[in-house]
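This report is meant to be read beside the sequence and the 3D view. It begins with strand pairing and then turns to a helix and to some backbone angles.

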Amino acid sequence: MHWYEKLNQYFPIEEMKSKEHMELLLEERSDIYHKDEGPHHVLIYVEFDEFVFVDYLFVSKDARGQGLGHQLIDKLKAKEKAIILEVEPVNYEDTDSEKRLRFYAREGFSHASTIGYSRRSLATNEVNDMEILYWAPHDETEEKIYESMKKTYSLIHKYKDKELYGEPFDPVQEVLSRDKTRDEDILKELI
């Protein structure tokens, strides 16, 4: 099965880029947009000098529980850069979303509690709230993660969006937000 079909069967339509979009990124942005594919996995990621963004990580049901996801994440961790990814909020009716969040927690990822992310899908026209998770080997702050997400959204998600979809994705300032008061509230509780 083609790598795009594997992703398309696993990820909801509102989270998927078009096949044309991803192939264009792999071709025209091959300096930063990468695909790691094997018989039981597809990993699509972006690597900048200061961080890695996981666009898609798929491990087939046949290979789950065998450490493949851990090996793929370890390969990214070896780069010694912050790793950032988007996940849908936990849905207790969908055991996959809960398992996914537990997996990333075991891998040492933190929830970016001060970053809001609501993206309108051009496929469904619905606004989807997503959570940002990150692994910070050098104690990167949420401010740094936020700036990295803005860069990813602008350079990857919006790459030739109007040309590919007939209309652009929403501007970055309407999609990503940062609620610094949550940081202040946490500090007040500690004092």
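Strands β4 (82-87) and β7 (127-135) pair in the antiparallel sense over five bridges, where strands are DSSP runs (E, at least two residues) and helices are DSSP runs (H or I, at least four), numbered from the N terminus, and two strands pair if DSSP finds at least two bridges between them. This is a predicted model, in which local features need pLDDT of at least 70 and side-chain atom pairs count only at pLDDT 80 or more, while totals for chains, interfaces and linings use all residues. Residues are numbered from 1 along each chain as its sequence is written, and side-chain values use heavy atoms, with hydrogens and water left out.

Strand β7 also pairs antiparallel with β5 (residues 110-111) over two bridges and with β6 (residues 115-120) over four bridges. Residues that stand opposite one another are listed here.

| Residue | Opposite residue in β7 |
|---|---|
| Ile 83 | Trp 135 |
| His 111 | Leu 133 |
| Arg 120 | Val 127 |

In helix α2 (residues 19-28), His 21, Met 22, Leu 24, Leu 25 and Leu 26 are buried; buried means under 20% relative accessible area, exposed over 50%, and partly exposed in between (1.4 Å probe, protein chains only).

Most residues other than glycine have a negative phi. Glu 80, however, has a positive phi of about 60° and lies in the loop between α3 (68-77) and β4; at 45% relative accessibility, Glu 80 counts as partly exposed. Asp 139, in the loop between β7 and α5, has a positive phi near 55°, and at 70% relative accessibility Asp 139 counts as exposed.
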